[in-house]
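Reader: I would like to go through this model step by step, from its overall build to single residues. Could you begin with the terms and then take my questions in turn?

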Amino acid sequence: MKQQLAQSILKLFGWKSFINVPHVPASVICVAPHTSNWDFIVGKLAYTSLGLTAHFMIKKEWFFFPFNLIFNSMGGIPVERSKKTRLVDQVVEMFHKDKDFNIAITPEGTRKRNDKWKMGFYYIALKAQVPIQLAYFDYKKKVMAIDKIIIPSGDEQKDMKEISDYYSTVSACHPEQFALPKNK
């Protein structure tokens, strides 16, 4: 029922979603560009329309009643952004506890322009030994897709170049807010 409802809503607004990679039971889903609050809604609808579920991280400040009930039921994981935590290790532990665990992460970490992507998504995948699925929102084409998988090699510079190249042709909701990573 949820899947059909999500498909209907996407169709109503002219969006399509697809996955052109083999199913993996556990992965980090790198989601970019993230320039609008609509990204979360479109992404959640698109992933649900495909019959899939994924956890996601959201700032802890959103976990108050009644939103905490909603976000918990949707797979939300609260993140304390104001202090350094061992978030990578905490998420890696979630992979060890659940072999069927996928988590969507927006590496920009904000909807504002940020060419210094947060590398947690990469380190989580590397440490948990799971693949990174590359997901995008293309607002020009009205498509949400996952069509590439990267196995982190440990060569951060090489892997991030491949990821950056992948996202270089995608049209963000607010293109002026999207920057490709320039981490190294």
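Author: Helices (H or I, at least four residues) and strands (E, at least two) are DSSP runs, numbered from the N terminus. Residues are numbered from 1 along each chain as its sequence is written. This is a predicted model, in which local features need pLDDT of at least 70 and side-chain atom pairs count only at pLDDT 80 or more, while totals for chains, interfaces and linings use all residues; side-chain values use heavy atoms, with hydrogens and water left out.

Reader: What pattern does the chain follow when read along the sequence?
Author: The chain contains 6 helices and 7 strands. Taken in sequence order, these elements give the pattern α-β-β-α-β-α-β-α-β-α-β-β-α.

Reader: What radius of gyration does the chain have, and why does it agree with that of a compact globule?
Author: The C-alpha trace spans about 40 × 35 × 30 Å along its principal axes. The radius of gyration is taken over C-alpha atoms, and the globule rule is 2.2 Å times the number of residues to the power 0.38. Because a compact globule of 184 residues would have a value near 16 Å, the chain agrees with the rule at 16 Å.

Reader: What percentage of the residues of the chain count as buried?
Author: A residue is buried under 20% relative accessible area, exposed over 50% and partly exposed in between (1.4 Å probe, protein chains only). Of the 184 residues of the chain, the share that counts as buried is 45%.

Reader: What share of the contacts with a separation of 6 or more comes from residues 24 or more positions apart?
Author: Contact means heavy atoms within 4.5 Å. Among contacts in the chain with a separation of 6 or more, residues 24 or more positions apart account for 71%.

Reader: Which residues of helix α4 are buried, and why are they on the same side?
Author: Helix α4 covers residues 87-97. The arc is that of the directions from the helix axis to the C-beta atoms. The buried residues are Leu-87, Val-91, Val-92 and Phe-95. They lie on the same side of α4 because the arc they cover around the axis is only 135°.

Reader: Is Val-28 buried or exposed, and which residues does it touch?
Author: Val-28 lies in strand β2, and it counts as buried because its relative accessibility is 0%. Leaving out residues up to four places away in sequence, Val-28 touches Phe-95, Ile-103, Ile-105, Phe-121, Ile-124, Ala-125, Val-130, Pro-131, Ile-132 and Gln-133.

Reader: Where is the peptide bond from Ala-32 to Pro-33 cis, and what is its omega?
Author: Pro-33 lies in the loop between β2 and α2 (38-49). The bond that joins Ala-32 to Pro-33 is cis, with omega near -10°.

Reader: What is omega for the peptide bond from Phe-65 to Pro-66?
Author: Pro-66 has its place in the loop between β3 and α3 (67-74). The bond from Phe-65 to Pro-66 is cis, and its omega is near 5°.

Reader: What phi does Gln-129 have?
Author: Gln-129 is in the loop between α5 and β6, where it is exposed with a relative accessible area of 73%. Although Gln-129 is not a glycine, its phi is positive, about 60°.

Reader: Which residues does Lys-142 touch?
Author: Lys-142 is found in the loop between β6 and β7, and it is partly exposed, with a relative accessible area of 35%. Its phi is near 55°, a positive value in a residue other than glycine. Not counting residues up to four places away in sequence, Lys-142 touches Phe-13, Gly-14, Trp-15 and Lys-16.
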